[in-house]
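Q: I'm new to this one. Can you walk me through the structure?

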Amino acid sequence: MQAGSTAATAYVGLGANLEDPRQQLARATDALAILPRTQLLARSSLYRSAPVSKADQPDFVNAVAALRTQLTPLELLDALLDLEAQQGRVRSVPNAARTLDLDLLLFDDRVIHEQRLQIPHPRMHERRFVLLPLVELNPKLVIPGHGAVVDLLRSVAGQDVTRIDAE
């Protein structure tokens, strides 16, 4: 990152359930670390979760990465979409199995409602596979308009999400 430029903290959800999901997330983490004007601060452990809407597919492996970036939210979104495509992501039908899913969850404490980008990411506050890694990275984190991640985590306690390693 360039010295003196304003940087934001962003959280990115990572998920995959095709073509060796653990390896897909490892490659994605490496790619996030070399994004321009961006520093990878941390990546959570890996978590296994069942598919949310389409049950006829393999379980997902999920994680969250914390970034410090000088990219704008839309620049970061475009970079994430490029990384998905580089790792073979094909957008066929909603909630389909995928090689890689990168979701821009939070960008500082900003609330953005644009056609291409919603921040905080819609429904992130309802997904245990997002909240558990967020709590691991920053237990004091607050999702604008929804509350503290530790409080939100209690409301999704019934969702089956399992930590599978501490990479």
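A: One term to start: buried means under 20% relative accessible area. This is a predicted model. Of the protein's 167 residues, 50% count as buried.

Q: How many helices and strands does the protein have?
A: There are 4 helices and 10 strands.

Q: And what order do the elements run in, from the N terminus on?
A: They run β-α-β-β-β-α-β-β-β-α-β-β-α-β.

Q: Let's go inside. How many residues are in the largest nonpolar core?
A: It has 29 residues. Those with the most contacts inside it are Leu 14, Leu 25, Leu 32, Leu 76, Leu 80, Leu 102 and Leu 104.

Q: Which elements supply at least two residues of this core each?
A: Strands β1 (8-16), β4 (60-69) and β5 (101-107) do, and so do helices α1 (21-33) and α2 (73-86).

Q: What does Leu 104 touch?
A: Leaving out residues up to four places away in sequence, its contacts include Ala 10, Tyr 11 and Val 12. Leu 76, Leu 77 and Leu 80 are also among them.

Q: New topic. How many salt bridges does the structure hold?
A: It holds 4. One of them joins Arg 37 and Glu 75, with the closest N and O atoms 3.1 Å apart. Arg 37 sits in the loop between α1 and β2 (38-43), and Glu 75 is in helix α2. The two are 38 residues apart.

Q: What does Arg 116 pair with?
A: Arg 116 bridges to Asp 78, and their closest N and O atoms are 2.2 Å apart. Arg 116 lies in the loop between β6 (112-113) and β7 (118-119), while Asp 78 lies in helix α2, so the pair ties together parts 38 residues apart in sequence.

Q: Where do Arg 154 and Asp 151 sit?
A: Both are in helix α4 (residues 149-155), 3 residues apart, so about one helical turn separates them.

Q: Is Arg 154 buried or exposed?
A: Arg 154 counts as exposed, because its relative accessibility is 59%. Asp 151, at 42%, counts as partly exposed.

Q: Last one. Where does Pro 58 lie?
A: In the loop between β3 (46-49) and β4. Pro 58 is partly exposed, at 41% relative accessible area.

Q: And what does Pro 58 touch?
A: Asn 17 and Pro 51, not counting residues up to four places away in sequence. The C-alpha atoms of Pro 58 and Ala 16 are separated by 9.4 Å, with the residues 42 apart along the chain.

Methods: Residues are numbered from 1 along each chain as its sequence is written. This is a predicted model: local features need pLDDT of at least 70, side-chain atom pairs count only at pLDDT 80 or more; totals for chains, interfaces and linings use all residues. Side-chain values use heavy atoms; hydrogens and water are left out. A nonpolar core is a set of buried Ala, Val, Leu, Ile, Met, Phe, Trp, Tyr and Cys residues joined through side-chain atoms within 4.5 Å. Buried means under 20% relative accessible area, exposed over 50%, partly exposed in between (1.4 Å probe, protein chains only). Contact means heavy atoms within 4.5 Å. A salt bridge is a side-chain nitrogen of Lys or Arg within 4 Å of a carboxyl oxygen of Asp or Glu.
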